[in-house]
Amino acid sequence: METAKKRQISGDDGATEAKNAKSQRRDRPHIAALVCARGGSKGIPLKNIKMLAGVPLIGWVLRAAVDSELFDSVWVSTDHDEIEKVAKAWGAQVHRRSAQVSRDASSSLETIQEFTALNPDVDFICNIQATSPCLHPYHLQAAVSKITEEGFESVFSVVRRHHFRWQEVKKGACSATAPLNLDPSRRPRRQDWDGELCENGSFYMTSRHLIEKGILQVCVCVCVCVRTAHST
């Protein structure tokens with residue numbers, strides 16, 4: 001696999017380019033890409049900057065966001081100096097998150113809400129998971145078009161699965177199973193069944209006012225992008 005090239009952006013040139021891009025896009029909402037990358041991962045310390053095929057893990061999604069050429073700004077929200085350094089090397093601005101949203105129990109929504117409060121010019125936030133190295137710019141392009149061209153307020157990534165699901169039912173000391181998404185007497189063939197849409201966690205794109213209400217995604221007027229990468 002070809003090693004990706006880092007995007008070095010100097011402070012002055014980056015600020016000028018961002019200002020010019022913003023002035024050229026005043027006819028559309030400001031859409032920001034935001035990657036949450038806390039430094040306190042317990043399972044794999046600093047997993048978001050571990051090398052994968054010669055590229056820091058977070059570098060893959062930052063490259064996809066930058067290469068999509070759709071976002072008015074690309075950010076990484078972090079509490080760690082080394083992650084901040086890597087983020088800037090790959091073309092992102094840095095939101096230095098507070099201690100209040102950097103705890104083990106902190107949610108992505110809390111971090112996004114803090115970012116939104118500090119950036120009042122942002123209308124839509126695309127929260128991209130750092131652990132989605134297979135994310136491609138065209139996945140993001142398809143999602144943004146749903147916002148800018150079709151008027152959706154919430155777009156998130158899913159994968160289509162053709163799995164028959166069963167639920168374990170406990171009755172005292174015994175266990176039994178019950179079907180959840182099929183009639184066992186009428187099992188469909190794969191080609192005759194559309195399957196189910198399952199979140200893969202790659203990205204969630206949401207309007208500011210939904211975020212301010214504490215909502216990351218909505219169940220009505222929502223478009224799901226089925227052609228997307230599996231998160232890892």
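How many of the twelve residues of helix α2 (residues 57–68) are buried?

Modeller: This is a predicted model, in which local features need pLDDT of at least 70, side-chain atom pairs count only at pLDDT 80 or more, and totals for chains, interfaces and linings use all residues. Residues are numbered from 1 along each chain as its sequence is written, and side-chain values use heavy atoms, with hydrogens and water left out.

Nine of the twelve residues of α2 are buried, so the helix is largely enclosed by the rest of the structure. Buried means under 20% relative accessible area, with a 1.4 Å probe and protein chains only. A helix here is a DSSP run of H or I with at least four residues, a strand is a run of E with at least two, and both are numbered from the N terminus.

After α2 comes Glu 69, which has a positive phi, near 55°.

For contrast, here are some strands. Two strands pair if DSSP finds at least two bridges between them. Strand β10 (residues 196–207) pairs with strand β6 (residues 124–128) in the antiparallel sense, over five bridges. In that pairing, Met 205 of β10 stands opposite Cys 126. Strand β7 (residues 154–161) also runs antiparallel to β10, joined to it by seven bridges. There, Cys 198 of β10 stands opposite Val 159.

Key. Buried < 20%, exposed > 50% of the residue type's maximum accessible area, 1.4 Å probe, protein only.
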